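Subject: Structure handover

Hello,

Here is the structure that I am passing on to you. Please open it beside this message and read the notes below with it.

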Amino acid sequence: MAIYHFSMKPVSRAKGRSAVASMAYRAGERLTNERDGITHDYTAKRGVEHSEIVLPEGVKADWARDRSTLWNTAEFAEVRKDARVAREFEVALPHELSAEERLEAARELAQELADRYGAAVDFAIHAPHDASDVRNHHAHVMMTTRMVTAEGLGEKTLIERENKWLLSNGLPTTDMQLRDLRQRWEGI
């Protein structure tokens, strides 16, 4: 039986994190954060089976398909020293599925997030490593906090809005949105 796990957490400068560093690690790549000049090199990281950027249906934003450009743009879109620069979802991928089926499930979730929020979504699938449970296939799914457009990043996505603003506009709170996303993931 598959193990269910679906967590969400912010990538926040207040916690000393950067979107560039986070995605470099998750994708096993070498990326330079243009805000602080630090290069994050995780090319020696093992276990990254696949990584990919997904955009909302109908959005022509080829600039966002480049990982370095996307996450550096996300960093520069926020000015506050404690800004939330991305949102990460971590999901368990059933080990009973084939590699192709796990990829399709992760891609479907990423597309769901991109379409629902109008954001760019970057995901990486990780295989279990020797020191972990051999069934620990999982995906790290990172989403911009702002909507992606052909020109750059625009308004904040709905999941990033304050709950009082959401409620006053007849929209579900962040917790309600997360519950809905978890239910959607169960269906995927």
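A salt bridge here is a side-chain nitrogen of Lys or Arg within 4 Å of a carboxyl oxygen of Asp or Glu. Before using that term, two notes on the source. The model is predicted, so local features need pLDDT of at least 70 and side-chain atom pairs count only at pLDDT 80 or more, while totals for chains, interfaces and linings use all residues. Residues are numbered from 1 along each chain as its sequence is written, and side-chain values use heavy atoms, with hydrogens and water left out.

The chain as a whole

The protein chain has five helices and eight strands. Helices (H or I, at least four residues) and strands (E, at least two) are DSSP runs, numbered from the N terminus. Along the sequence the order is β-α-β-β-β-α-β-α-β-β-β-α-α.

The radius of gyration is taken over C-alpha atoms, and the globule rule is 2.2 Å times the number of residues to the power 0.38. For 188 residues, a compact globule would have a radius of gyration near 16 Å, and the protein chain agrees with this at 16 Å. Its C-alpha atoms fill a box of roughly 45 × 40 × 35 Å along the principal axes.

Contact means heavy atoms within 4.5 Å. Of the contacts in the protein chain with a separation of 6 or more, 63% are between residues 24 or more positions apart.

Buried means under 20% relative accessible area, exposed means over 50%, and partly exposed is in between (1.4 Å probe, protein chains only). Of the 188 residues in the protein chain, 46% are buried.

As for charge, Lys and Arg count as positive and Asp and Glu as negative, with His and the chain ends not counted. The place of a charge is taken as NZ of Lys, CZ of Arg, CG of Asp or CD of Glu. There are 27 positive and 31 negative side chains in the protein chain, and the centres of the two sets are 6 Å apart.

Salt bridges

How many salt bridges does a search of the whole structure find? The search finds 19. One of them joins the side chains of Asp41 and Arg30, at 3.8 Å from N to O. This pair links distant parts of the chain, with Asp41 in strand 3 (residues 39–41) and Arg30 in strand 2 (residues 30–32), eleven residues apart. Asp41 counts as partly exposed because its relative accessibility is 43%, and Arg30 counts as exposed because its value is 54%.

Glu160 has a salt bridge with Arg84, at 2.5 Å from N to O. Here too distant parts of the chain are linked: Glu160 is in the loop between strand 8 (153–156) and helix 4 (163–168), and Arg84 is in strand 5 (residues 84–92), 76 residues apart. With 10% relative accessibility, Glu160 counts as buried, whereas Arg84, with 31%, counts as partly exposed.

Glu160 also forms a salt bridge with Arg87, and the closest N and O atoms are 2.7 Å apart. Arg87 is in strand 5, 73 residues from Glu160. Both Glu160 and Arg87 are buried.

Ser12 lies in strand 1 (residues 6–12). Is Ser12 buried or exposed? Its relative accessibility is 8%, so Ser12 counts as buried. Leaving out residues up to four places away in sequence, Ser12 touches Arg17, Asp82, Ala83 and Arg84.

Arg13 sits in the loop between strand 1 and helix 1 (19–27). Arg13 is buried too, at a relative accessible area of 11%. Beyond residues up to four places away in sequence, its contacts include Arg35, Glu75, Asp82 and Ala83.

Helix 1 is largely enclosed by the rest of the structure, because eight of its nine residues are buried. Among them are Ala19, Val20, Met23 and Arg26. After helix 1 comes Gly28, which has a positive phi, near 65 degrees.

Strand 8

Glu155 is in strand 8. At 54% relative accessibility, Glu155 counts as exposed. Glu155 touches Thr145, Arg146, Met147 and Arg161, again leaving out residues up to four places away in sequence. Gly118 is 37 residues from Glu155 in sequence, and the two are 9.6 Å apart in space, C-alpha to C-alpha.

Regards
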